[in-house]
Amino acid sequence: MDSFELNKILMAVLFTCLGLLSLNIAAGAIFTAPKPAKPGYEIAVQEHPAGGGAAQAEKAEPIEVRLANSSPERGQAAAKVCLACHTVEKGGPNKQGPNLWGVVGRPKASEAGFNYSAAMKAQKGNWTPEDLDVYLTNPRGMVPGTNMTFAGIPRGKERADVITYLNSKSDKPVELPKQAAAPAAEKQAAGGDAKPAPAAAAPKPH
């Protein structure tokens with residue numbers, strides 16, 4: 001085989017390789033998926049309110065109803081989380097938080113010897129059950145700037161149990177506002193079944 005024939009073979013192989021390379025580049029440009037702006041997969045998640053309808057119903061329940069159905073025993077169990085920063089016994093020392101003996105009904109920021117935050121010192125009035133209910137839901141929501149780092153008790157019935165328990169830790173427990181729960185249908189039935197009083201009989205002529 002002379003050099004001319006060899007060159008023809010080499011050129012044919014070269015052009016074949018170049019053709020294949022061109023086809024590969026063109027196919028990559030056409031069929032390669034575009035690079036996403038953000039790596040990973042985007043998963044659509046439908047958002048639902050925390051707790052659903054039950055949480056909304058509990059939120060709408062008045063504190064008077066919750067207190068009427070509260071339990072100091074359940075409150076004592078729920079209040080164990082408070083003992084990390086507070087004492088509840090009479091004459092107990094202040095810790096990271098003030099002693100809670102008699103807290104229900106006492107003036108805010110009034111426990112002797114405890115260094116309250118400026119935000120708490122600015123609070124007026126007494127610790128009513130209603131105010132405690134709001135505070136225990138979200139301490140920093142009610143008193144922005146408070147030193148209390150506790151996130152709060154989201155369940156309304158549990159807050160009522162804790163308030164009832166704390167109220168028992170006092171020389172003079174306050175009278176808690178209470179209202180028995182009555183289903184709306186029961187109230188309506190009671191009103192619908194009421195019968196008008198019979199009319200008084202007309203006096204007979206003498």
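Q: Which residue's side chain does the side chain of T137 join through a polar contact of 2.9 Å?
A: In this predicted model, T137 is found in helix α6, which covers residues 129-137. Leaving out residues up to four places away in sequence, T137 touches A151, G152, I153 and R159. Among these contacts, the side chain joined to that of T137 by a polar contact of 2.9 Å belongs to R159.

Q: Which backbone oxygen does the side chain of T137 reach?
A: Besides its polar contact with the side chain of R159, the side chain of T137 reaches a backbone oxygen at 2.7 Å. The residue that carries this oxygen is D133.

Q: Is T137 buried, exposed or partly exposed?
A: The relative accessible area of T137 is 34%. Buried means under 20% and exposed means over 50%, with partly exposed in between. Because 34% lies between these limits, T137 is classed as partly exposed.

Q: What distance separates the C-alpha atoms of T137 and P154?
A: T137 and P154 are 17 residues apart along the chain. Their C-alpha atoms are separated by 5.6 Å.

Q: Is H86 buried or exposed?
A: H86 is found in the loop between α4 (72-78) and α5 (118-121). Its relative accessibility is 13%, and the limit for a buried residue is under 20%. H86 therefore counts as buried.

Note on methods:
Residues numbered from 1 in each chain as written. Predicted model: local features only at pLDDT ≥ 70, side-chain atom pairs only at ≥ 80, totals over all residues. Heavy atoms only, no water. Helix = DSSP H or I, 4+ residues; strand = E, 2+ residues; numbered from the N terminus. Buried < 20%, exposed > 50% of the residue type's maximum accessible area, 1.4 Å probe, protein only. Contact = heavy atoms within 4.5 Å. Polar contact = N/O pair within 3.5 Å; in protein donor to acceptor, adjacent residues only side chain to side chain.
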